Amino acid sequence: MIIDWVSIGLIVIALAWVVQLILSWNSRNIQPGFIGLYMAGVLILVTSGYLTNLPVSPYEIFTFIAALAVLIRILSLKK
């Protein structure tokens, strides 16, 4: 079975949701690890599309930037 980059990106995003669910089972905090994995998954999707000459979706770029903003905000609050 051959797994393509899109599948890997989606698997990473799904793992991010699992990590977030497990780490926040008894709290309402968003975990930085979740955001990092989510961003990695989106970046893999964007890179995959770029490498296969597909147009890069502005929604993917927006999602990455939004996740980065949330990560920066969460890390700045923990100081």
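**View 1. A nonpolar patch to which helices H2 and H3 contribute.** In this predicted model, helix H2 and helix H3 (58-77) each supply at least two residues of a nonpolar patch, where helices are DSSP runs of H or I with at least four residues, numbered from the N terminus. The patch lies on the surface and is formed by Tyr-50, Leu-51, Val-56, Ile-61 and Ile-65, which together have about 500 Å² of accessible area. Such patches are made of residues with over 30% relative accessible area and no salt bridge, nonpolar side chains being joined within 5 Å; a salt bridge is a side-chain nitrogen of Lys or Arg within 4 Å of a carboxyl oxygen of Asp or Glu, and accessible areas come from the Shrake-Rupley method with a 1.4 Å probe, for which only the protein chains shown count as cover. Val-56 is found in the loop between H2 and H3, and Val-56 counts as partly exposed because its relative accessibility is 34% (buried means under 20%, exposed over 50%, and partly exposed in between).

Residues are numbered from 1 along each chain as its sequence is written, and side-chain values use heavy atoms, with hydrogens and water left out. Because the model is predicted, local features need pLDDT of at least 70 and side-chain atom pairs count only at pLDDT 80 or more, whereas totals for chains, interfaces and linings use all residues.

**View 2. Phe-64 in helix H3.** Phe-64 lies in helix H3 and, with a relative accessibility of 23%, counts as partly exposed. Leaving aside neighbours within four places in sequence, Phe-64 is in contact (heavy atoms within 4.5 Å) with Met-39, Val-42 and Leu-43.

**View 3. The aromatic cluster of Trp-17, Phe-34 and Tyr-38.** These three residues, Trp-17, Phe-34 and Tyr-38, form one aromatic cluster, and a search of the whole structure finds two aromatic pairs. Phe-34 and Tyr-38 form a tilted pair, at 5.9 Å centre to centre and with 40° between the planes; rings of Phe, Tyr and Trp (its six-membered ring) pair if their centres lie within 6.5 Å, and planes under 30 degrees apart count as stacked, over 60 as edge-to-face and the rest as tilted. Both Phe-34 and Tyr-38 lie in helix H2 (residues 32-51), four residues apart, or about one turn of the helix. Phe-34 counts as buried, because its relative accessibility is 11%.

**View 4. Gln-20 in helix H1.** Gln-20 has its place in helix H1 (residues 5-23) and, at 10% relative accessibility, counts as buried. Not counting residues up to four places away in sequence, Gln-20 touches Asn-29, Ile-30, Gln-31 and Phe-34.

Technical notes. Buried means under 20% relative accessible area, exposed over 50%, partly exposed in between (1.4 Å probe, protein chains only). Patches are made of residues with over 30% relative accessible area and no salt bridge: like charges are joined within 9 Å, nonpolar side chains (Val, Leu, Ile, Met, Phe, Trp, Tyr) within 5 Å.
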